Amino acid sequence: MVERLVPDGLWELFQRVVPAAPTRPQGGGRPRYGDREVLAAIVFVATSGCTWRQLPPCFGPSGPTAHRRFSEWSKARVWAKLHRLVLDELGARGSLDWSRCAIDSVNMRALKGGSLTGPNPVDRGKLGSKIHLITERTGLPLSIGISRANTHDSQGLEPLVRGIPPIRSRRGPRRRKPSKLHADKGYDYDHLRRWLRARNITPRIARRGIESSQRLGRHRWTVERTVSRLAGCRRLHRRYERKAEHFLAFAGIAAALICFRRLSRQM
């Protein structure tokens, strides 16, 4: 079970970003569970959608133990670092296509409330959060973020573009800007077009009342497919975490797993 959820390639990458275990005084106390077993338990919770207390005993660590380690690693931004490391490996192999990127968002209901939640305009005003993401041409997530459900899509564009990390290339310097950015009519604002052009990014944003979204759909369907793949992380079907950083952590885990599946086919 552990090897299936955390294959050797993923474990090797994770070891490069996980912080060192704290030292314990000699004598007394339970031995600390291995990071690989705890990581497998966290991946199981993320992909199955079960609660921490429903974690099967076959993993070794209990649900509270896995949750405590998850909180420690989330605070240390381990999931964002893992996502970036997987992107680096893909970039070094020339597997990232920067010619066209796309941006989109999806709303999730927040069952327990918490930080960064707001009334969802498409769910009868119930509390929810929104996941924003940018993908490269083939649909691999480059940048991901969260906000309140009532946050307008356009407000997520600049933070997401700034959030794209400098990623390795097969040749030349690291890269963090796409050539073009495709978006639907929710991003149809002149100040966003000016902001993108100032950064040498060509905006391809549908215009309200002028252009049909179907034309841009030829290139934007990849980000919509990635949004559906996020649902493969069942913990993201609904937001159960009161803390925004924990919800963002599960989104980061989903993004890292999506990218690693592509990487594993090339290893």
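**Exercise 1.** Leaving aside neighbours within four places in sequence, which residues is Asp88 in contact with?

*Solution.* The model is predicted: local features need pLDDT of at least 70 and side-chain atom pairs pLDDT 80 or more, while totals for chains, interfaces and linings use all residues. Residues are numbered from 1 along each chain as its sequence is written, and side-chain values use heavy atoms, without hydrogens and water.
1. Apply the contact rule, heavy atoms within 4.5 Å. The partners of Asp88 are Pro166, Ile167, Arg168 and Arg174.
2. Check accessibility: Asp88 has 8% relative accessibility and therefore counts as buried (under 20% relative accessible area; exposed is over 50%, partly exposed in between; 1.4 Å probe, protein chains only).

**Exercise 2.** Find the salt bridge partner of Glu89 and state whether each side chain is buried or exposed.

*Solution.* 
1. Use the rule: a side-chain nitrogen of Lys or Arg within 4 Å of a carboxyl oxygen of Asp or Glu. Glu89 pairs with Arg16 at 3.5 Å, N to O.
2. Locate the two: Glu89 is in helix α5 and Arg16 in the loop between α2 and α3, 73 residues apart.
3. Glu89 is buried because its relative accessibility is 15%; Arg16, at 53%, is exposed.

**Exercise 3.** Describe the salt bridge between Arg69 and Asp35.

*Solution.* 
1. The N to O distance is 2.8 Å.
2. Arg69 lies in helix α4 and Asp35 in helix α3, 34 residues apart.
3. Arg69 is buried at 5%, and Asp35 is buried at 17%.

Terms used: Helix = DSSP H or I, 4+ residues; strand = E, 2+ residues; numbered from the N terminus.
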